[in-house]
Amino acid sequence: MEYRLDRNAHSLLDPRTKLLLLFTSSVFVIGTAGGRQMVIFYWILVYLPVLLLFAEKEWKAGTVAVAVYVGSYFAQRALQHDLTAVESVLALMLFILTKILPTVILARYIVKTTKVSEFITAMHRMHVTDKITIPVSVIFRFFPTIGEESKAINDAMRMRGIEMGAKKATEAVEYRMVPLIASCSIIGEELSAAAMTRGLDMGKKRSCIWNIKFRLQDYAVTALCFACFVWWGIGRFFV
Amino acid sequence: MDNNNRLNAKDLINVGIYTAICAVICCAVAMTGVIPIMMVLLVVFVPLLTGIPYMLFLTKVKKFGMILILNVLMGAFMWLTGMSYYALVVGIVTGLIAEFIYKAGNYKSKKLGVLAYAVSGIYCWANYLGIFLNAEAYFSTRQNFGQEYIDAVTGLLPMWMCPVLLVVDFVCGLIGGWVGTKVLKKHFEKAGIA
């Protein structure tokens, strides 16, 4: 029997597709493998995460992302001539922004839309060992936590007048790192206890309430990713 | 089946947590790499700052494989965030070596822990290998940074800097590990976390 929970919990893509897309994006967008020859795929990979944002009804974030892309595209066109020092720094910032932003959006999308349980089941079907799957799923879960914790600690330290970039830099670092690591470690203990009660240690096959399978859009995105690598391979070894 | 030596969920979750902390610190430091001199100094700051979480992590390590997994994940993270895959390859090797070093002290010795940290931290240096081994390809992907940036970075990184950076990375690893043990003593042992 198939259980159907809240349909919104299902995202558009399968966890496996998401990971493949993240990998492809980091190779071709951040790593800019292939250069000129990949330019069409590059733009597809840049705008695909925005489409995913829209698919999740994140209209505001999606619009801002498009505005940043378009703006930085024209700014970079304007900065093609010989650069002065200030312009060079500006171009650098824009470059980093346009390189990293698509993958950041994608990573955020993945963290937000993938249930840990979904992820583990999908990995299990790919026969990835638990030794990799469990730490990775913890990492995915932990990035937002670290952000929240460090924000709270930052506020607390500001209230005590311990600012970043003050005279005692080591103190500023110590007073932030130590509480952050301490609270993360405690959260980790709780997390392991929770995992224990859910029988992660049993060594039996787990069941998953979400229905994970490849759908049409998964095949489309997977095909796109493979096309990227194949086209890159052609350019690299045959031309 | 010998259950005591197998990694259970608790160990794996610990690996995940400390990898996440190290990765966040690396990221925060690496953001400063847009300034050419900082690009070189990354090899100083990353080992210094990740020392604290790493030494705490080592106190939780009691079984073979945990350091290796952390290094593999950090290497994969570096690769995904646009460094070269050298970090992954080097990370696996140094992770294994660190694993054996820490094992030699029965997963207790602090001195060997510091040494293990310094060795495993060499993946940070591996990020530069791309520049040394294939400078042209590396900078061809970074044309938009402006010629000045490229000149500045290549000026700071002539070929002989390669072994120097390795040594610097290792020494900073030792210092970072030592600072880590101090912080551990000062804060975490008192709080009962370590």
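This is a predicted model: local features need pLDDT of at least 70, side-chain atom pairs count only at pLDDT 80 or more; totals for chains, interfaces and linings use all residues.
A crossing of two helices is right-handed if the near helix is turned clockwise from the far one by less than a right angle.

**Chain B overall**

Chain B has 10 helices and zero strands. Its pattern along the sequence is α-α-α-α-α-α-α-α-α-α. Of its 194 residues, 47% are buried. Among contacts in chain B with a separation of 6 or more, 75% join residues 24 or more positions apart.

**The α5(B)–α10(B) pair**

Two packed helices are described by the angle between their axes and the distance between the axes. Here, the axes of α5(B) and α10(B) come within 8 Å and cross at roughly 140 degrees. Angles over 145 degrees would count as roughly antiparallel, so α5(B) is oblique to α10(B). The crossing of the two is right-handed.

| Helix | Residues in the contact |
|---|---|
| α5(B) | Lys110(B), Gly113(B), Val114(B), Tyr117(B), Ala118(B) |
| α10(B) | Phe170(B), Gly173(B), Leu174(B), Gly176(B), Gly177(B), Trp178(B), Thr181(B) |

By class, this contact of α5(B) with α10(B) has six nonpolar, five polar and one charged residues. An α-helix has 3.6 residues a turn, so residues three or four places apart point the same way.

**Helix α1 of chain A**

Helix α1(A) covers residues 15-30, 16 residues in total. From first C-alpha to last, α1(A) reaches 21 Å, close to the 22 Å expected at 1.5 Å a residue. Buried residues in α1(A) include Pro15(A), Leu21(A), Val27(A), Phe28(A), Val29(A) and Ile30(A). Thr17(A), Lys18(A), Thr24(A), Ser25(A) and Ser26(A) are buried too.

Technical notes:
Residues are numbered from 1 along each chain as its sequence is written. Chains are lettered from A and ligands numbered from 1 in the order in which they are written. Helices (H or I, at least four residues) and strands (E, at least two) are DSSP runs, numbered from the N terminus. A residue is buried if 20 or more other C-beta atoms lie within 10 Å of its own, exposed if 12 or fewer, and partly exposed in between; C-beta atoms are placed from the backbone. Two residues are in contact if their C-beta atoms, placed from the backbone, lie within 7 Å. Axes are lines fitted to C-alpha atoms, for helices over the stretch in contact, and angles run from 0 to 180 degrees between N-to-C directions. Angles under 35 degrees count as roughly parallel, over 145 as roughly antiparallel, 65 to 115 as roughly perpendicular and the rest as oblique. Ala, Val, Leu, Ile, Met, Phe, Trp, Tyr, Cys and Pro count as nonpolar, Asp, Glu, Lys and Arg as charged, and the others, Gly among them, as polar. The expected span of a helix is 1.5 Å times one less than its number of residues.
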